[in-house]
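I opened the model to look up a few residues and some helix packing. My entries follow in the order in which I made them.

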Amino acid sequence: MDGWVRSLRRSKVARSADWSVEVVHEQERRPGGDVLDATTVFLTGTECPFSCVFCDLWQQTLSGHTPLGSLPRQLREALREIGQRSLIKLYNASNFFDPAAVPPADDVSLLRLLEGFAQVTVECHPRFVEDRCFSFADRLDGTLEVAVGLETIHPTALARLNKKMTLADFDAAASALRAHEIGLRVFVLLGCPFIADEEQLAWTLRSVEHAAARGAAVISIIPVRGGNGALESLAADGDWRPVALDLAEEAFDGALRLKLADVVVQLDLWDLERLATCSHCVEARVNRLGAMNLTGLPASRVACASCGAGTTRDRPRPPEARSPKPEARSRS
Ligand code: SF4
Ligand SMILES: [Zn+2]
């Protein structure tokens with residue numbers, strides 16, 4: 001399966017270990033309702049060893065191992081821009097505790113650079129949630145939150161995603177994080193391959209509930225975006241269809257109506273405009289979803305006389321699959 005997924009990829013975006021770091025500032029609602037300034041730092045390192053059929057993160061990675069000292073250099077550069085903020089996310093398009101992606105000899109430098117942040121979030125596959133992760137949390141000035149891709153609890157779809165993770169693996173990682181008082185952030189897919197269109201909404205909501213029951217503080221719903229090659233091949237076989245904006249709205253509305261206690265559910269807005277088919281209402285609809293990310297409350301749907309959004313039960317056709325912008329990224 002790895003060979004099949006990789007054979008369908010285009011070339012990577014050319015990057016070197018001294019690539020300029022990318023930083024995104026945003027606001028994030030946390031359990032309890034506080035809205036805090038958060039910064040995401042996109043670090044460049046080696047590619048993830050897994051080859052999930054929906055993932056396009058390899059596009060922004062290096063071909064070899066991450067050189068020693070490269071990530072502290074990138075973080076130092078980012079911190080010059082950031083100033084002091086309370087939350088920082090370090091996303092390296094791979095697994096933070098994979099020694100090939102983040103050399104363990106860099107841990108001390110990274111820990112020093114992260115002094116003063118109340119919370120640090122990193123992303124990691126359950127297979128790398130082990131001693132190094134727990135030791136990093138113990139030595140961190142603030143608290144550690146680990147972002148884990150649950151993706152779906154659909155039994156056959158999860159097995160076919162090529163993530164090499166079972167639901168039991170996810171549950172064990174969640175339990176270990178909880179035992180070490182490390183926060184859990186979870187990614188759940190909408191538009192997951194191998195799930196029928198009419199079941200997408202239900203499985204996304206069930207997956208959100210599962211993540212909440214395993215202790216997730218933040219659950220981010222990620223609409224699957226095409227463009228990695230494998231998804232287009234699956235689409236041709238009828239195993240995947242691009243998500244329509246209408247479905248993303250339904251999923252987020254439904255997730256907020258679950259009223260999960262002490263859990264923030266959010267919708268990933270990255271490149272969400274791509275899901276729209278109507279230029280008249282897309283901006284207002286994305287703005288509505290962005291506002292709901294901050295309030296945690298469902299808002300009235302945007303009504304559009306042009307496409308009928310918010311005024312009819314007919315779901316618009318989803319957009320055709322197309323390549324993402326070079327800088328588009330999903331997450332692990
Ligand atoms: S989704 Fe995560 S685990 Fe899967 S290939 Fe991408 S980075 Fe690796
Ligand atoms: Zn419209």
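**Entry: L87.** I counted 20 C-beta neighbours inside 10 Å of L87, so L87 counts as buried. The scale I used calls a residue buried if 20 or more other C-beta atoms lie within 10 Å of its own, exposed if 12 or fewer, and partly exposed in between, with C-beta atoms placed from the backbone. L87 lies in strand 3, residues 87–91. Helices here are DSSP runs of H or I with at least four residues, strands are runs of E with at least two, and both are numbered from the N terminus. Leaving out residues up to four places away in sequence, I found L87 touching E28, L36, A38, A118 and Q119. Contact means that the C-beta atoms of two residues, placed from the backbone, lie within 7 Å. I also checked V102, which is 15 residues from L87 in sequence and 20 Å from L87 in space, C-alpha to C-alpha.

**Entry: source.** This is a predicted model, in which local features need pLDDT of at least 70 and side-chain atom pairs count only at pLDDT 80 or more, while totals for chains, interfaces and linings use all residues. Residues are numbered from 1 along each chain as its sequence is written, and chains are lettered from A and ligands numbered from 1 in the order in which they are written.

**Entry: helix 4.** Which residues are buried in helix 4 (residues 131–139)? I noted C133, F136 and A137. Seen down the helix axis, the buried residues of helix 4 fall within an arc of 100°, so they line one face; the arc is that of the directions from the axis to the C-beta atoms. An α-helix has 3.6 residues a turn, so residues three or four places apart point the same way. The buried residues of helix 4 pack against helix 3 (107–113) and strand 5. On the face turned away from the buried side I found the exposed residues D131 and D138.

**Entry: helix 7.** Helix 7 (residues 200–213) has 14 residues and reaches 20 Å from its first C-alpha to its last, close to the 20 Å expected. The expected span is 1.5 Å times one less than the number of residues. Its buried residues include W203, L205 and V208. I traced the packing of the buried residues of helix 7 to several elements, among them strand 6 (183–190) and helix 9 (245–257). Just after helix 7, G215 takes a positive phi of about 100°.

**Entry: helix 9 and its partners.** Helix 7 and helix 9 pack at an angle of about 35°, with their axes 10 Å apart. I took axes as lines fitted to C-alpha atoms, for helices over the stretch in contact, with angles from 0 to 180 degrees between N-to-C directions. Among the residues that meet here are L201 and T204 in helix 7, and A251 and G254 in helix 9. The axes of helix 9 and helix 10 (residues 282–295) come within 11 Å and cross at roughly 20°. That makes helix 9 roughly parallel to helix 10, a label for angles under 35 degrees. L245, E249, F252 and L256 in helix 9 meet R285, L289 and M292 in helix 10.

Entry: N162 is not a glycine, yet has a positive phi of about 65°. With 18 C-beta neighbours inside 10 Å, N162 counts as partly exposed. D262 is not a glycine either, and has a positive phi of about 55°. I found D262 in the loop between helix 9 and strand 8.

Conventions. Parallel < 35°, antiparallel > 145°, perpendicular 65-115°, else oblique.
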